[in-house]
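Here's a quick briefing to read with the model open beside you. It starts with a question and then goes topic by topic.

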Amino acid sequence: MRAVFYERQGAAEDVLVFGDLPKPLPAAGEVLVRVHVSGINPSDIKNRTGFVSKMAFARIIPHQDGAGVVEAVGAGVPPGRIGERVWIFEAQTGRAGGTAAEFVAVPSENAVRLPDATSYEVGASLGVPALTAHRCLFADGDLRGRRVLVQGGAGVVGSAAIQLAKWAGAWVAATVRHPEQKQFAHQAGADLVLDLNDTDVAAKIKAETKDAGLDRIVEVDLSSNIEFDLRCLADGGVIAAYSAHDASERVPVPIVPAMIVNSAVRFVYVYTMPGSAKKAAISDISDCLRTGSYHPRIAMILPLSRTVDGHVAVEKGAIGKTLIRVVDD
């Protein structure tokens, strides 16, 4: 099969190889998926560069997210799954083979039925962003009638959070750092979009919420925004942080302001989320898809042979999901 892989960590142009590898076979409890579209995430970049840890395998096919069709099943998996359209999450977690290949074998539960009306492109855009956003939003209860702020509303996780929060009945504000990003947050469905470079942004949020403040904040840059977040929180509000600039980053918390609003900070790492949280997220994401409420922004779609360009684009901050088309529809 055609695949992209690396055998050492480093820059994309130095280590990613496009070539032929043996087609995997599904083990017991697994399905073999013919990948149509593969999705690139920042965590794929971090794995390739050694951001957190060294390579766990001598050769790695990258990418956690993807979508395609079940071609074969291992022992214990109902044969009726063959031919099923699916979206894939955590394909490369604990395994050497991800979705940057024509075929990938994953645990059956990691290949989720894709609604007939949902494209492979949307399916490959779920995984890491949607599961992360869901955990940030719903880990602390129902959102109907709640007030949510999504920091970095033009980002991939930010866009997912806006759409899932609106689907769940929340009022949603979003922030951006560049004026040209406002349109993307608006397109995702945010009720209010603010530029963090403007003055009195926290005061504007308090005014929009009639001084009640925010029940949830989905946070992409906690170290920069912690004081701002605390000024915006409602009593008992939760800040859910899911990203870090580097592995040694620290966050000084202003204790008294945090205590006054009885706040909590939740740290979210999608790969170690409880299984029950993932099941709940998959159920809600599936419902959201069926209602047609999830429309991720696609930054670009490249052929498998140009995966290096996709990695570079993600590293440079491409707005929207960067996808690799593995098999033509």
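With which side chain does the side chain of S38 make a polar contact at 2.6 Å? That partner is the side chain of T99. A polar contact here is a pair of N or O atoms within 3.5 Å; within protein, one must be able to donate a hydrogen and the other to accept it, and residues adjacent in sequence count only if both atoms are side-chain atoms.

Keep in mind that this is a predicted model: local features need pLDDT of at least 70, side-chain atom pairs count only at pLDDT 80 or more, and totals for chains, interfaces and linings use all residues. Residues are numbered from 1 along each chain as its sequence is written, and side-chain values use heavy atoms, with hydrogens and water left out.

**Around S38**

- S38 sits in strand β3; helices (H or I, at least four residues) and strands (E, at least two) are DSSP runs, numbered from the N terminus.
- S38 counts as buried because its relative accessibility is 0%, where buried means under 20% relative accessible area, exposed over 50% and partly exposed in between (1.4 Å probe, protein chains only).
- The side chain of S38 also makes a polar contact with the side chain of H63, at 2.8 Å.
- Setting aside neighbours within four places in sequence, S38 has contacts (heavy atoms within 4.5 Å) that include D65, G66, A124 and T322.

**N110 in its loop**

- You'll find N110 in the loop between β6 (103-107) and β7 (111-113).
- N110 counts as buried, because its relative accessibility is 8%.
- The N110 side chain reaches the backbone oxygen of F89 at 2.9 Å.
- Not counting residues up to four places away in sequence, N110 touches W87, I88, F89, E90 and R95.

**Helix α11**

- Across α11 (residues 307-315), the buried residues are T307, G310, H311, A313 and V314.
- Looking down the axis of α11, those buried residues fall within an arc of 160 degrees, so they line one face of the helix; the arc is that of the directions from the helix axis to the C-beta atoms.
- As background, an α-helix has 3.6 residues a turn, so residues three or four places apart point the same way.
- The buried residues of α11 pack against several elements, among them β1 (2-5), β3 (30-40), α2 (42-49) and β14 (298-303).
- Just after α11 comes G317, with a positive phi of about 90 degrees.

**Helix α7**

- In α7 (residues 201-208), V201, A202 and I205 are the buried residues.
- Down the axis of α7, its buried residues fall within an arc of 100 degrees, so they line one face of the helix.
- The cover over the buried residues of α7 includes β8 (147-151), β10 (192-195), β11 (214-219) and α8 (222-232).
- K210 follows α7 and has a positive phi, near 55 degrees.

- C288 is in no disulfide either, as its nearest cysteine sulfur, that of C136, is 16 Å away.
- C232 is buried at 0% relative accessibility, and C288 is buried at 0% as well.

**From the record**

- An unreviewed UniProt entry lists residues 11-324 as "domain: Enoyl reductase (ER)".
- UniProt positions are given in the numbering used here, feature names are shortened, and annotations may be inferred rather than shown by experiment.
- In the model, the span 11-324 is 31% helix and 25% strand, and its end C-alpha atoms lie 18 Å apart.

Technical notes: A disulfide is a pair of cysteine sulfur atoms within 2.5 Å.
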